[in-house]
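Colleague: Could you take me through this one and say what each label rests on? I'd like the cut-offs next to the values.

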Amino acid sequence: MSAITERTDIARIVQTRPEQLKDFTVKAIDGEAGHVSPHQDEVDDHHLVVHSGGRFFGKDLVIEVDAIDRVEPENQEIHVDRIVDWVKSSPRLGA
C-alpha cells in the first residue's frame with residue numbers, strides 16, 4: 001500500500017482504525033516527534049495523541065488530524081507538516 005495523502009482518507013483512518021496506528025512513528029518536517037500513543041482511544045476522531053520523549057518521562061500530546069500530511073502504513077509512519085517543536089508544544093492529554 002502506498003502513502004495515504006488525501007485529507008479525507010487520513011481522517012477516515014484515524015476515525016475508523018485508531019488501534020492500527022498505535023506505535024506508528026510521528027515524523028515532523030525536521031525530525032522524529034514521537035509515536036502514536038496507546039491512549040489514542042481517549043480522544044475524539046479529530047485528534048491524534050503523540051507520545052513524545054522517553055518511555056518513563058515522556059508525555060502524551062494532542063495534535064489536530066489536519067496537521068497530518070501523509071500516512072505510510074508500510075513504514076508505520078505518520079508525517080505531519082509541522083516542526084518538532086510545534087508538536088512538543090501541543091496540549092497534553094487530559095490537561
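Colleague: Which residues is Leu48 in contact with, leaving aside its neighbours within four places in sequence?
Modeller: Val36, Gln40, Leu61, Val62, Ile63, Val65, Ile68 and Ile78; contact means heavy atoms within 4.5 Å. Bear in mind that this is a predicted model, where local features need pLDDT of at least 70, side-chain atom pairs count only at pLDDT 80 or more, and totals for chains, interfaces and linings use all residues. Residues are numbered from 1 along each chain as its sequence is written, and side-chain values use heavy atoms, with hydrogens and water left out.

Colleague: What makes a set of residues a nonpolar core?
Modeller: The members are buried Ala, Val, Leu, Ile, Met, Phe, Trp, Tyr and Cys residues, joined through side-chain atoms within 4.5 Å. The largest one here has 20 residues, and Leu48 is among those with the most contacts inside it, as are Leu21, Val36 and Ile68. Helix H1 (7-16) gives the most to this core, three residues; helices (H or I, at least four residues) and strands (E, at least two) are DSSP runs numbered from the N terminus.

Colleague: Why is Ser90 called buried?
Modeller: Its relative accessible area is 9%, and buried means under 20%, exposed over 50%, partly exposed in between (1.4 Å probe, protein chains only), so Ser90 counts as buried. Ser90 lies in the segment after helix H3 (84-88) and, beyond its neighbours within four places, is in contact with Leu61, Val62 and Ile63.

Colleague: And why is Ile29 called exposed?
Modeller: Ile29 has 60% relative accessibility, so it lands on the exposed side. Ile29 sits in the loop between strand E1 (25-28) and strand E2 (31-36).

Colleague: How do you know that Lys27 and Glu77 form a salt bridge?
Modeller: The term asks for a side-chain nitrogen of Lys or Arg within 4 Å of a carboxyl oxygen of Asp or Glu. For Lys27 and Glu77 the closest N and O atoms are 3.2 Å apart, so the pair qualifies. This pair links distant parts of the chain, Lys27 in strand E1 and Glu77 in strand E6, 50 residues apart. Lys27, at 27%, is partly exposed, whereas Glu77, at 14%, is buried.

Colleague: What separates Arg12 and Asp9 along helix H1?
Modeller: About one helical turn, because they are three residues apart in that helix. Their side chains meet in a salt bridge at 2.9 Å, N to O. Arg12 is partly exposed at 45%, and Asp9 is partly exposed at 28%.
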